[in-house]
Amino acid sequence: MAKASKKAAKKTTKKAAKKAPAKAAKKATKKAAPKKAAKKAAKKAAPKKKSARKPNAAFMAPLTPSATLAEVVGSKPMPRTEVVKKIWEHIKKNNLQDKNNRRMINADAKLKPIFGKDQISMFELAKVVNKHVK
């Protein structure tokens, strides 16, 4: 019987030891709760208005392509984004991406005067387009 009472005593002390930190944590959360509520109220009191993103007008400004670029994209003025999109359509249609390194674009007869060399990186495309639009 002595062993049974010792085991019971150990269990109760273990339970008490587990409950003590739990009680302290509950008290801490109760104290912290009013601060959190105050922060939430402050956030609700002054909500920031999210305005819809306005597109940058510079991107949408129509630009006139040069004669060499006009052979690929057309001669009417269009935004820079559309010019790059049309060049990509030409590249995909004629399968001009390098087989091994897909970042490189091989120039065909129409693109060579625009690129100025046989092959350019796709990251250079915007720079090259910039030289051929006004």
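Modeller: Helices (H or I, at least four residues) and strands (E, at least two) are DSSP runs, numbered from the N terminus. This is a predicted model, so local features need pLDDT of at least 70 and side-chain atom pairs count only at pLDDT 80 or more, while totals for chains, interfaces and linings use all residues. Residues are numbered from 1 along each chain as its sequence is written, and side-chain values use heavy atoms, with hydrogens and water left out.

Colleague: In which element of the chain is the confidence lowest?

Modeller: The predictor's confidence in each residue is given as pLDDT, from 0 to 100. The chain has a mean pLDDT of 80, and 63% of its residues reach 70 or more. Where pLDDT is low, the predicted coordinates should not be read in detail. Strand 1 (residues 104–106) has the highest mean, 97, whereas the lowest, 57, belongs to helix 1 (residues 2–45).

Colleague: In what order do the elements of the chain run from the N terminus on?

Modeller: The chain contains 6 helices and 2 strands. Read from the N terminus on, their order is α-α-α-α-β-α-β-α.

Colleague: What percentage of the residues of the chain count as buried?

Modeller: A residue is buried under 20% relative accessible area, exposed over 50% and partly exposed in between (1.4 Å probe, protein chains only). The chain exposes about 11000 Å², of which carbon and sulfur atoms supply 60%; such areas come from the Shrake-Rupley method with a 1.4 Å probe, and for residues only the protein chains shown count as cover. Of the 134 residues in the chain, the buried share is 20%.

Colleague: How far apart in space are Ile87 and Leu125, C-alpha to C-alpha?

Modeller: Ile87 lies in helix 4 (residues 80–93) and is buried because its relative accessibility is 1%. Leaving aside neighbours within four places in sequence, Ile87 is in contact (heavy atoms within 4.5 Å) with Leu69, Val72, Val73, Leu125 and Val129. Ile87 and Leu125 are 38 residues apart in sequence, and their C-alpha distance is 9.0 Å.

Colleague: Which residues does Val72 touch, not counting residues up to four places away in sequence?

Modeller: Val72 belongs to helix 3 and counts as buried because its relative accessible area is 15%. Beyond four places in sequence, Val72 touches Ile87, His90, Lys110, Leu111 and Ile114.

Colleague: Is Ser121 buried or exposed?

Modeller: Ser121 is part of strand 2 (residues 119–121). Not counting residues up to four places away in sequence, Ser121 touches Arg103 and Met104. Because its relative accessible area is 13%, Ser121 is classed as buried.

Colleague: How far apart are the closest N and O atoms of the salt bridge between Glu82 and Lys85?

Modeller: A salt bridge is a side-chain nitrogen of Lys or Arg within 4 Å of a carboxyl oxygen of Asp or Glu. Glu82 and Lys85 both lie in helix 4, 3 residues apart, about one turn of the helix. Glu82 is partly exposed, at 30% relative accessible area, and Lys85 is partly exposed as well, at 47%. The closest N and O atoms of this pair are separated by 3.5 Å.

Colleague: With which residue does Asp118 form a salt bridge?

Modeller: The structure holds 3 salt bridges, one of which joins Glu124 and Lys117, with closest N and O atoms 3.5 Å apart. For Asp118, the closest N and O atoms are 2.4 Å apart, and the partner is Lys112.

Colleague: What is the phi of Asn95?

Modeller: Asn95 is found in the loop between helix 4 and strand 1, and it counts as partly exposed because its relative accessibility is 48%. Most residues other than glycine have a negative phi. Although Asn95 is not a glycine, its phi is positive, at about 55 degrees.
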